[in-house]
Amino acid sequence: MPNSLRSVLFVPAANTKALAKAPALQADAIILDLEDAVAVGEKDDARTAALRALSVEGWKPPIKAVRINAFNTGWAEADLLAMTPAGVDVLVIPKVESAAILHRVRAVMARAAQVPGRPLPALWAMVETPRGVLNAREIAASAAGTGLGALIAGTNDLAKELGCDGLANDREALRSHLAMIVLAARGYGLKALDGVYNAFADEDGFVQEAKQGKRFGFDGKTLIHPAQIGPANTIFGPSEEAVKRARAIVRAFKLKKNAGKGVINLNGEMIERLHLQDAQALLDSLPVLSAKPSSGSRKGKKPS
Ligand code: COA
Ligand code: MG
């Protein structure tokens, strides 16, 4: 089972207190942010602080990521040269509008210092501009050549660029864009992560939006505050009901009378072998999800 990405927390690299908390949090992934959460005058210090935080031993979150600055800012190259050999699993690239940007990222990474035996970080692309959404398919299709592993919906930037109210009426104005991002990710075997919920003190609002993201097909949600981790892990993890149903499906296909059948009747519902595959995948994921997320204890591959 691939790594689960239920909860993916942004941590501003310029915030010393937040940075110190990151290694002990129960998130599936942490993204140390060098971009929008860091003021212009703090960029260099934030990069140094991120490197220091990454060198701390015993991180609980299984995936360590860093979001670099966008290419048109002048900081991206220094970010990439510093972070490529720094032991991160993933580099998050903001404002990706084409596959060409990801190829440029790879070219700079190839010039960075290499640590023998340490694989290059995977890339996750933030889709957060109108052109990014329009080109989501091309971006996702570049995965084999760019090491792209996930698309992230950047809903704050997208709403700003579109001039829409992204939060009104259950994100009505963004629904087609979010669906495009999930579609592109799924079409090319990538993970899809939903955007952040800004009102971090509003747990009910967060839960509602996270459940909507789950219904849309996202694997998890990007987060801005530690209080959002627990709810995200619950909502994007398998529900008790889903586990019960998966067990029933697997059991039913094991019955002698169903051996070799492509489709069966389970309590008045048509169940096909594709449902069996989903059920088995869900059950296979259980030990991974319930294991304490210490870096050494996870099964499965790093994201690629
Ligand atoms: N990661 C780790 N720790 C965090 C955190 C985060 N994203 N957000 C808050 N915390 C910590 C705080 O440092 C604080 O620690 P303390 O109790 O030792 O003082 C604790 O959690 C409680 O924080 P709280 O007082 O509720 O919020 P705040 O005013 O400190 O921070 C924000 C609020 C929005 C500024 C902060 O959550 C944040 O910067 N989030 C991430 C923003 C970001 O990365 N944006 C870019 C991507 S969209
Ligand atoms: Mg953004």
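Guide: Gladly, and we start with a definition: helices (H or I, at least four residues) and strands (E, at least two) are DSSP runs, numbered from the N terminus. E209, for instance, is found in helix α11. This is a predicted model, in which local features need pLDDT of at least 70, side-chain atom pairs count only at pLDDT 80 or more, and totals for chains, interfaces and linings use all residues. Residues are numbered from 1 along each chain as its sequence is written, chains are lettered from A and ligands numbered from 1 in the order in which they are written, and side-chain values use heavy atoms, with hydrogens and water left out.

Visitor: What joins the side chains of E209 and K221?

Guide: A polar contact of 2.7 Å joins them. The term stands for a pair of N or O atoms within 3.5 Å; within protein, one must be able to donate a hydrogen and the other to accept it, and residues adjacent in sequence count only if both atoms are side-chain atoms.

Visitor: Which residues come nearest to ligand 1?

Guide: Of the 14 residues around ligand 1, those are F10, K17, K21, I224 and H225. Being near means that one of a residue's heavy atoms lies within 4 Å of the molecule or strand in question.

Visitor: Which oxygen distances are found for K17, K21 and H225?

Guide: A polar side-chain atom of K17 lies 3.0 Å from an oxygen atom of ligand 1. For K21 the distance to a ligand oxygen is 2.5 Å, and for H225 it is 2.8 Å. Taken alone, ligand 1 exposes 890 Å², and the protein buries 63% of that. Such areas come from the Shrake-Rupley method with a 1.4 Å probe; for residues, only the protein chains shown count as cover.

Visitor: Which elements give two or more residues to the shell around ligand 1?

Guide: They are β1 (7-12) and α1 (16-21). β1 gives the most, with four residues.

Visitor: What coordinates the magnesium ion?

Guide: The magnesium ion, ligand 2, is coordinated by E128 (OE) and D157 (OD), at 2.0 to 2.2 Å. E128 lies in the loop between β5 (122-127) and α5 (130-134), and D157 in helix α8 (residues 155-162), so the pair ties together parts that are 29 residues apart in sequence. Donors are N, O and S atoms within 2.8 Å of the metal (3.2 Å for Na, K and Ca); water is not among the atoms, so sites may look incomplete.

Visitor: What is the phi of K95, and what is that of N267?

Guide: K95 has a positive phi of about 50° although it is not a glycine. N267, which is not a glycine either, also has a positive phi of about 50°. K95 sits in the loop between β4 (90-93) and α4 (99-111), while N267 sits in the loop between β9 (263-266) and β10 (269-272). At 25% relative accessibility K95 counts as partly exposed, whereas N267, at 76%, counts as exposed.

Visitor: How far apart do the centres of domain 1 and domain 2 lie?

Guide: Their C-alpha centres lie 35 Å apart. The domain assignment gives domain 1 (7-237) and domain 2 (240-283), with bounds that come from an automatic or database domain assignment.

Notes
Buried < 20%, exposed > 50% of the residue type's maximum accessible area, 1.4 Å probe, protein only.
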